[in-house]
Amino acid sequence: MIFKDFLAFSFNKSIFENINIQTVSSLPCADNMAYVIDYTGGGVCVSDGKNAYVLAASASIEKELKKLFECKNLISSDLKNDIINLPHIGELNNVTDDVSIAAYLAEPSRSDYSIEKLCAHYFKTEIVAPNASQLSLFDAEEEDKTEYMAKCAVAVFCLRDHLAN
């Protein structure tokens, strides 16, 4: 396990180096996309590992979520939480991977399977939530949230590939 973590760190110094972040009014639907939903702030982001698409605040979240869950081979960060919080969407049959469950199966003794902790553990890269950072006199909260959501979605995509090996 130590050697595997060393390889991830050596060849993947930052999984976020060349990602393209876009704010969109409609989420793309393609096979093999990772998604992240912020239930406290209402944000949604999907990623194919290189691109991250953050749903604009003006978009209809419920309509976009229904469309998203029609896509094939979706990758979740926490499917149990999605099932609990999205009963109105219907069955989430197209979610084929859950990185929290995969991480648990790989290391059941861990106490935290959050995206932030898994990314720090496997990729030696930190993701900091906007409200966890130091307060600033300048209001950059929306920009921080967009970047945070994008990093989380990319991390979910990369974690699925890493944990599958």
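C71 is buried (under 20% relative accessible area, with exposed meaning over 50% and partly exposed in between, for a 1.4 Å probe and protein chains only), as its relative accessible area is 1%. In this predicted model, local features need pLDDT of at least 70 and side-chain atom pairs count only at pLDDT 80 or more, while totals for chains, interfaces and linings use all residues. Residues are numbered from 1 along each chain as its sequence is written, and side-chain values use heavy atoms, with hydrogens and water left out.

A disulfide, defined as a pair of cysteine sulfur atoms within 2.5 Å, joins C71 to C29, with an S to S distance of 1.9 Å. C29 lies in the loop between strand 1 and strand 2 and C71 in the loop between helix 2 and strand 5, so the bond ties together parts that are 42 residues apart in sequence. Helices (H or I, at least four residues) and strands (E, at least two) are DSSP runs, numbered from the N terminus. C29 is partly exposed, at 46% relative accessible area. The structure holds one disulfide. The sulfur of C119 has its closest cysteine sulfur in C158, at 8.0 Å, which is too far for a bond. For C152, the closest cysteine sulfur is that of C119, at 8.2 Å, again too far for a bond. C119 is buried, with 0% relative accessibility, and C152 is buried, with 1%.

A pair of aromatic rings is described by the distance of the centres and the angle of the planes. Rings of Phe, Tyr and Trp (its six-membered ring) pair if their centres lie within 6.5 Å; planes under 30 degrees apart count as stacked, over 60 as edge-to-face and the rest as tilted. Two aromatic pairs are counted by this rule. The ring centres of Y35 and F69 are 5.2 Å apart and the planes stand at 85°, so this pair is edge-to-face. Y35 lies in strand 2 (residues 34–38) and F69 in the loop between helix 2 (61–68) and strand 5 (74–76), so the pair ties together parts that are 34 residues apart in sequence. Both Y35 and F69 are buried. Y104 and Y113 also form an edge-to-face pair, at 5.9 Å centre to centre and 70° between the planes. Y104 is partly exposed, at 43% relative accessibility, whereas Y113 is buried, at 19%.

Most residues other than glycine have a negative phi. N32, although not a glycine, has a positive phi of about 70°. N32 lies in the loop between strand 1 (20–24) and strand 2.
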